[in-house]
Amino acid sequence: MNYTIQPGDSFYLIAQKYNLPLNELIRANPQIYNPEHISPGQIINIPLSSCSQLPNRYRLPDPYPERRVAGKNPYYAQLILDDYAGKVSETTAIMQYIHHHMEMYSVPSWQEVSDLEEGISIVEMLHLEMLGEIIIHLGASPCYNDGRQQPWTPQYIAYHNFDPCAQLRADIQSEHDAIRQYQAHIQIIQDPFIQALLARIIKDEEFHIKLFSEKLAKFCGS
């Protein structure tokens, strides 16, 4: 598919718009010698061979900010490691939602909620990847431990085995906890690039609360 460059466009923003990996968009346009310097009116190719340009129903369509930092900062990396693989973290959310997805799928009439759990877990994987890149830019390693070097553990997961209503309530609570932690880190981290990314992730988490809450009302009555 052809796309005409608009004022304010960048390859990064276009890739975000079509939910494409940036490298894939660059490879599809070898005629652009420097992807960092494009002009309105230029025609580029959006690779339709990939289905990744399809919208994701489980996250907001707003583009994510570029993953960059103002400079290396070990303290900020420690804080982000809590979001990455602490008790309240993207790692915990991914593992918890996948567990709930698999159990809900075995419960008659809960397949649509199971699909929601899986879809949201994939968005959390994207969040995890973005946080990992930020941790590297800050000068640390994205190992699966929190900022105090405590390794991630499955004890953080709220399993609620085969109780889908309790699982949904736990998932909603986990999203609220994540939002509060991100908001606290935005106040501490005086780096506008990191602040912008965390604020954008919060929007997805708020959307996840809405999606989970709709299913809770439909299937559990509250």
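Trainee: Which residues of H3 are buried?

Mentor: Tyr76, Ala77, Leu79, Ile80, Leu81, Asp82, Asp83, Tyr84 and Ala85. Keep in mind that this is a predicted model.

Trainee: Why is Tyr75 called partly exposed?

Mentor: Tyr75 sits in helix H3 too. Buried would need a value under 20%, and exposed one over 50%. Tyr75 has 44% relative accessibility, so Tyr75 counts as partly exposed.

Trainee: What reaches the backbone nitrogen of Tyr75 at the start of H3?

Mentor: A side-chain oxygen of Asn73, which comes to within 3.1 Å of that nitrogen. The cut-off for a polar contact is 3.5 Å.

Trainee: How do you know that the reach of H3 is close to the expected one?

Mentor: Set the two values side by side. H3 has twelve residues and spans 16 Å from its first C-alpha to its last, and 16 Å is also what's expected at 1.5 Å a residue.

Trainee: Okay, on to the largest nonpolar core. Which of its members touch the most others?

Mentor: Ile80, Leu138, Ile194 and Leu198, out of 46 residues. Helices H3, H4, H5, H6 and H7 each supply at least two residues of this core. H7 gives the most, with ten residues.

Trainee: What does Leu198 touch, not counting residues up to four places away in sequence?

Mentor: Ile80, Leu131, Tyr182, His185, Ile186 and Ile189. There's also a second, separate core of twelve residues, with Tyr18, Leu20, Ile32 and Ile44 among them.

Trainee: Now the cysteines. How do you know that Cys165 and Cys220 form a disulfide?

Mentor: The sulfur atoms have to be within 2.5 Å of each other. In Cys165 and Cys220 they are 2.0 Å apart, and the pair is a disulfide. The structure holds one disulfide.

Trainee: What makes the disulfide left-handed?

Mentor: The torsion about the S-S bond of Cys165 and Cys220 is about -100°, so this disulfide is left-handed.

Trainee: Is Cys165 buried or exposed?

Mentor: Cys165 has a relative accessible area of 18%, so Cys165 is buried, given that the cut-off is under 20%. For Cys143 the value is 37%, so Cys143 is partly exposed.

Trainee: Last one: why is Asp191 called buried?

Mentor: Asp191 is in the loop between H6 and H7. Its relative accessible area is 2%, so Asp191 is buried, since buried means under 20%.

Trainee: What is Asp191 in contact with, leaving aside its neighbours within four places in sequence?

Mentor: Val69, Ala70, Gly71 and Tyr76. The side chain of Asp191 reaches the backbone nitrogen of Ala70 at 2.7 Å, and 3.5 Å is the limit for a polar contact. As for Tyr76, its C-alpha is 9.0 Å from that of Asp191, while the two residues are 115 apart along the chain.

How values were computed: Residues numbered from 1 in each chain as written. Predicted model: local features only at pLDDT ≥ 70, side-chain atom pairs only at ≥ 80, totals over all residues. Heavy atoms only, no water. Core = buried A, V, L, I, M, F, W, Y, C linked by side-chain atoms within 4.5 Å. Buried < 20%, exposed > 50% of the residue type's maximum accessible area, 1.4 Å probe, protein only. Helix = DSSP H or I, 4+ residues; strand = E, 2+ residues; numbered from the N terminus. Contact = heavy atoms within 4.5 Å. Expected span 1.5 Å × (residues − 1). Polar contact = N/O pair within 3.5 Å; in protein donor to acceptor, adjacent residues only side chain to side chain.
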